[in-house]
Amino acid sequence: MSEAMAARRTVSVTVNGVAHERVIDARLTLVDFLRGELGMTGTHVGCEHGLCGACTVLLDGQAVRSCILLAVQADGAAITTVEGLATGGQLHPIQEAFMEAHGLQCGFCTPGFLMAVTELLEGTPDPTEDEIRDVLGGNLCRCTGYEAILASVKLAAAKLRALRGTVAGDG
Amino acid sequence: MKPPPFEYGVAESVGEAVALLQRYDGEARVLAGGQSLVPLLNMRLARPAALIDLNRVRELDFVRASGNTITIGAMTRQRSVERSPDVQRQNALLHAATQNIGHPQIRNRGTMGGSLAHAHPASEYQAAAVALDARFTLAGPSGTRSVDAAEFFVTYLTTAIEPDEVLTEIAWPALSPGAGWSLIEVARRHGDFALAGVAATLTPDARGRCAEARIALFGVGPTALRARGAERTLTGAALEGGVFDEAAVSAEREIDEPPSDVHASGEYRRHLVGVLTRRALREAAARAGVATSTGVA
Amino acid sequence: MVEFPQSIDDLPTSMPRWVGQPIPRVEDRSLLTGQTEFVDNITLPGMLHCAIVRSPYAHARIKSVDVSAAAKVPGVVAIVTGEDARRETRPIYTAPPGWGGNCLAADKVRFAGEPVAALAATSRYIAEDAAELIEVEYEPLEVVTDAEASVREGAPLLFEERGTNVMYQRKFVWGDVDAAFAAADHVVTERFRWHRVGANPMETFGVVSQWDPIEGTLTCRGSFQVQGFSATGAAATFGIPLNKVRFIAQPHGGSFGGKGGQRGTTITTMLSRKSGGRPVKWIEDRIEYLSAGGGQAWDRHYEASLALTKDGRMTGLRVRLLDDLGGSAEGYGAIGAAKPLASFTGCYTIEAAEYDLTIAATNKLPCSAYRGMGPPPHNMVLEQLVDIAARELRVDPAELRRRNFIPKDAFPYVIPSGNEYDSGDYEATLDAALALADYAGLRARQDEARRDGRLFGIGVVSTIEPGVFNSNVYSLVGFPGGTAQPEGVTLGIDLFGTITARVGFAHEGQGQHTVISQIVADYFGVEPDRVRVVVQDSMNAPPGYGPGGSRLGVAVSAATLGAADRLKDKLIRVAAKLMEANPAEVELMDGKLRIKGTTGAEMPIGQVAATMLTRSDLLPDDMEPNPQATYVWTAPGRTMPDESGRVKSYLTAANACHVVAVEIDRQTGEVRIDKYAIADDCGTRLNPAIVAGMTQGGLAQGVAAALLEEYVYDENGQLLTSTFMDYLLPTIYEVPIPDKTEIVTPSPFTPLGAKGMGEAAIHTAPAAIVSAINDALAPFGLRATETPVTPNRLWKLLQQAKG
């Protein structure tokens with residue numbers, strides 16, 4: 001056993017490349033940990049029962065719902081949140097695509113969509129529409145009716161492919 | 001919607017997990033992928049004194065193919081099962097059942113053992129396990145024991161796992177060579193639990209007659225169940241339209257009173273069993289390469 | 001007098017216009033990076049977290065409340081009960097008035113989930129632990145969950161002192177309806193049942209309330225759709241002056257009318273007072289939202305008749321509506337029964353109409369507003385009657401509609417219920433949709449399907465979307481408000497020459513801040529992303545209402561243009577003095593003040609503004625050093641309802657035609673959408689990408705209302721659909737992506753010619769889908785009259801076609 005059974009535990013995680021350590025209640029969900037303990041409020045709470053996807057983050061590169069994961073379970077993991085996408089004031093190409101294709105309205109569900117799409121396009125640079133729908137089907141949006149989100153993902157894939165092509169060409 | 005207080009500990013081995021379960025004497029629960037348990041905690045519908053986290057039990061994360069069986073560790077993520085070449089090659093029904101679970105974001109975290117131990121009667125995994133006679137290995141204080149699917153699923157959200165036991169692995173018999181399969185359901189939305197569903201395999205003999213039929217009905221009772229009468233109807237028969245209709249009628253009659261809820265009445269569910277059995281058998285026969293007289297599905 | 005441009009072409013720029021372009025939104029960078037300050041992101045020093053204790057019973061008397069165990073939990077700071085609420089607050093305002101109670105029930109509860117006590121603790125986790133320890137003793141009462149039962153003699157009464165469960169009853173008659181029906185060659189009649197659906201924004205309601213015990217002031221930060229209205233309600237509830245109440249609308253994650261929040265705001269305020277002024281946060285969780293929030297609307301029993309001549313002219317319409325409002329009238333759901341007056345007879349020249357309206361109380365969650373605010377069910381009913389008539393007359397449904405459309409040269413056109421439609425060309429919209437869908441091709445496919453025994457149906461539906469709401473029509477059911485529906489914008493140019501627009505409503509999703517930026521950009525010759533839109537709180541903002549009733553795009557563009565015109569006048573007067581010219585000779589063009597007809601003599605607006613702020617000696621004598629201007633717009637020409645309830649309410653009338661083809665699985669009852677085509681006309685499109693997004697979003701909600709979503713209660717008043725497992729929001733797999741085309745008939749009543757369109761396709765989609773389903777069922781003489789049309793319901797219906 002790494003530690004004895006306890007209602008409070010020490011948790012060490014890396015979030016967007018920065019290490020954090022906190023002593024927390026074992027019952028604290030990961031999303032409440034990110035928002036309340038670390039002040040990273042970009043990840044949103046939509047349903048707290050794992051069905052809307054607003055709280056999606058990357059846990060060691062995989063898209064997961066942070067409202068139905070305990071923070072203690074993330075001990076030792078590398079987490080990426082929406083705050084980790086843009087760098088140096090520049091939007092990530094996926095964020096750019098959502099902006100250009102009007103893939104958001106109220107924007108509350110958007111961080112969850114962005115993280116799910118990030119995982120998809122990391123592993124599948126040229127996804128079919130079915131593959132895109134498989135991922136988007138796990139997140140609820142009440143504003144857009146999904147049309148512009150689908151277009152945004154297609155645009156994002158094209159942007160990332162172009163970027164990778166350029167990098168490969170340079171290298 | 002915040003979980004009640006509980007103690008938490010990480011088990012690093014099956015032995016540790018079993019010891020902890022014993023210590024809490026029925027008041028602890030194991031935590032696998034958490035995709036069903038944590039929502040229940042958030043709603044305070046589950047109030048365990050302690051959670052024993054199995055996510056670091058490395059010995060339970062594997063997919064092992066040997067001969068006619070694929071054995072999968074209980075803590076193997078559904079995403080890993082979905083991507084396993086062995087599963088895709090040996091057991092297309094299991095592969096399809098995995099893909100039918102929720103969405104990738106759920107499968108990334110959800111485990112095969114967690115899903116089966118949750119024992120939702122509309123679960124595709126449960127249906128596949130019942131159809132294929134999967135075997136379940138349970139580890140407890142006095143060693144391990146093995147139960148088959150019919151024994152494992154006791155009733156709604158209840159399995160044969162004792163309070164001091166851990167589900168460790170599931171052995172999946174491969175589909176017979178030449179078998180066709182089908183997994184179909186009616187759900188309100190894509191990715192939802194089925195209102196009713198059918199998992200079926202058909203193995204034709206050299207003359208196109210049915211050597212073996214396996215039909216599991218799910219979402220229509222406290223557990224998924226085999227339509228044994230329908231299977232008997234099929235076995236030895238020529239695989240074509242008429243016998244599928246007979247089998248469908250049989251399946252519809254074999255189930256007890258199906259549940260009624262906000263999405264479907266029991267009567268409607270019973271009707272769906274017939275419709276879906278007929279369609280599943282047609283699809284399985286087609287996949288087995290048996291030409292069947294079509295007609296309106 | 002302020003002058004408004006009549007079209008985009010009148011804007012003072014020689015460059016290509018930003019207005020009318022699908023430019024990216026100014027709101028999006030912050031949203032995409034997770035920086036937007038939604039209410040749950042707020043943490044204030046000393047902040048406490050609220051949990052609410054709710055009734056498990058749908059109807060019960062409260063015998064006792066014991067908070068002693070909860071009070072002992074470490075971290076609990078304040079507890080309030082119904083007795084506190086009765087002492088410290090007035091009942092929450094309701095429409096109709098007098099059908100509600102305090103934020104915490106003291107004597108009895110009228111729906112499961114009604115708040116009875118609440119507490120504030122140092123974390124939400126602890127607050128929920130302690131809330132479980134509050135013991136409430138109830139005496140259960142007989143429950144009534146069905147409106148038809150609740151209006152019968154002897155039904156259990158929710159409000160005993162009223163002696164009835166009928167909250168409102170009125171029969172409106174416009175024109176000689178009896179004569180129209182007596183003279184009719186055909187009368188078609190049908191009953192319909194529309195089950196409860198509702199808003200479900202992805203962000204629930206949330207608020208942080210802080211009472212200042214020294215100053216006696218209240219500050220609430222929340223996801224307020226209409227902050228000024230909410231502030232007024234809070235001042236009235238606590239009996240404090242309105243100038244001591246500050247409501248700060250945070251950006252919020254959608255609303256669709258369903259944000260509610262009166263009780264949560266009042267409860268957190270009580271807790272803040274009781275804790276000596278510590279801020280108290282309450283974030284409604286999803287189960288609270290679904291079972292006890294602002295997310296339920298339109299629980300309706302209809303019986304309706306349409307009278308026609310033998311050549312298919314519609315002459316009279318009768319609609320009887322029994323509207324089930326639930327356990328109180330606090331959610332303003334009743335206005336959803338009044339709004340259909342704005343488009344009662346749809347696109348048609350029906351001259352006589354009757355509306356027999358009863359609003360009833362039942363032991364279910366009080367209904368709230370929802371996108372569309374009532375007409376979507378009404379449209380479903382009217383359009384089904386039109387289809388039934390078409391079948392009876394053996395006329396193509398598109399053709400029957402065409403024969404009865406208000407002709408394009410008849411505008412402005414006053415309908416029997418008194419509203420005036422501004423402009424339209426309904427035949428053009430119909431033709432565009434039919435062409436887009438290949439209507440003839442669809443009918444050919446239908447013939448083929450029917451030969452094969454398949455159930456394939458086509459719906460063709462045209463509707464009106466009333467735009468730019470006015471409270472005058474809502475006053476019929478007791479909503480507070482008159483004819484003024486103000487929306488104000490302040491525009492200012494600072495010392496650096498940059499432009500700021502100040503408004504009184506927060507980001508909610510519809511992109512109005514972008515539209516303001518586009519207009520200001522064209523008006524003053526800058527790029528849209530150089531315009532800053534700042535949200536003012538309820539004390540600082542000019543009079544304004546906010547989003548609702550497809551109003552804000554039109555209202556805020558008019559206010560922006562009014563403020564721009566006033567600011568321009570100031571700049572012209574100053575520039576004229578500086579350039580030694582007559583103000584009449586100076587004009588604004590491309591962001592510069594210049595002397596008309598000359599080249600060279602010009603001053604950038606920034607230079608003029610800076611001069612105003614720094615050199616009073618150079619200004620005209622009566623000119624203040626203030627390069628700012630405010631304009632508060634309201635729709636012109638509104639009056640209060642006349643004695644028959646006729647009222648000119650909504651300023652614009654957008655129009656849409658949906659053509660949809662469905663195939664029903666005859667064995668399972670599943671509906672597959674095969675084809676969807678939309679033609680719509682909302683006048684000038686200020687940002688076409690935003691318009692397209694509203695249309696698609698409204699479509700998703702409309703499709704879901706027709707096929708998926710339903711709040712289901714059991715006979716004990718327990719909600720059976722209190723999670724997202726069972727209340728089925730559509731995913732990407734359930735929403736069709738239609739072909740879309742547009743017709744543009746600008747509104748003569750709005751600056752730039754735009755019509756309100758934020759509710760969009762939810763007005764049309766439910767009717768169109770039900771029409772398509774019924775077209776598929778027609779060969780069997782069957783008809784779906786209950787929404788949502790679930791597989792189970794359709795299968796049951798199809799059982800009648802056996803053989």
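Predicted model: local features only at pLDDT ≥ 70, side-chain atom pairs only at ≥ 80, totals over all residues.
Among contacts in chain A between residues at least 6 apart in sequence, 56% link residues that lie at least 24 apart. Chain A contains five helices and five strands, and reading along the sequence gives the order β-β-α-β-β-β-α-α-α-α.

The overall dimensions of chain A come next. Its C-alpha trace extends over about 50 × 40 × 30 Å along the principal axes. The radius of gyration of chain A is 17 Å, which agrees with the value near 16 Å that a compact globule of 171 residues would have. Of the 171 residues in chain A, 62% are buried. The accessible surface of chain A amounts to about 5600 Å², and carbon and sulfur atoms account for 51% of that area.

Attention now turns to chain C, where helix α17 (residues 552-578) packs against helix α18 (residues 605-614). Their axes are 10 Å apart and form an angle of about 85°. Since angles of 65 to 115 degrees count as roughly perpendicular, α17(C) and α18(C) are therefore roughly perpendicular to each other. On the α17(C) side, the contact is made by K570(C), L571(C), V574(C), A575(C) and L578(C). These residues meet I605(C), V608(C), A609(C), T611(C) and M612(C) of α18(C). Sorted by class, the contact between the two helices comprises eight nonpolar residues, one polar and one charged.

Key
Residues numbered from 1 in each chain as written. Chains lettered and ligands numbered in written order. Heavy atoms only, no water. Axes fitted to C-alpha atoms, helices over the stretch in contact; angles between N-to-C directions. Helix = DSSP H or I, 4+ residues; strand = E, 2+ residues; numbered from the N terminus. Parallel < 35°, antiparallel > 145°, perpendicular 65-115°, else oblique. Contact = heavy atoms within 4.5 Å. Nonpolar A, V, L, I, M, F, W, Y, C, P; charged D, E, K, R; others polar. Rg over C-alpha atoms; globule rule 2.2 N^0.38 Å. Buried < 20%, exposed > 50% of the residue type's maximum accessible area, 1.4 Å probe, protein only. Areas by Shrake-Rupley, 256 points an atom, 1.4 Å probe, with all protein chains shown as cover.
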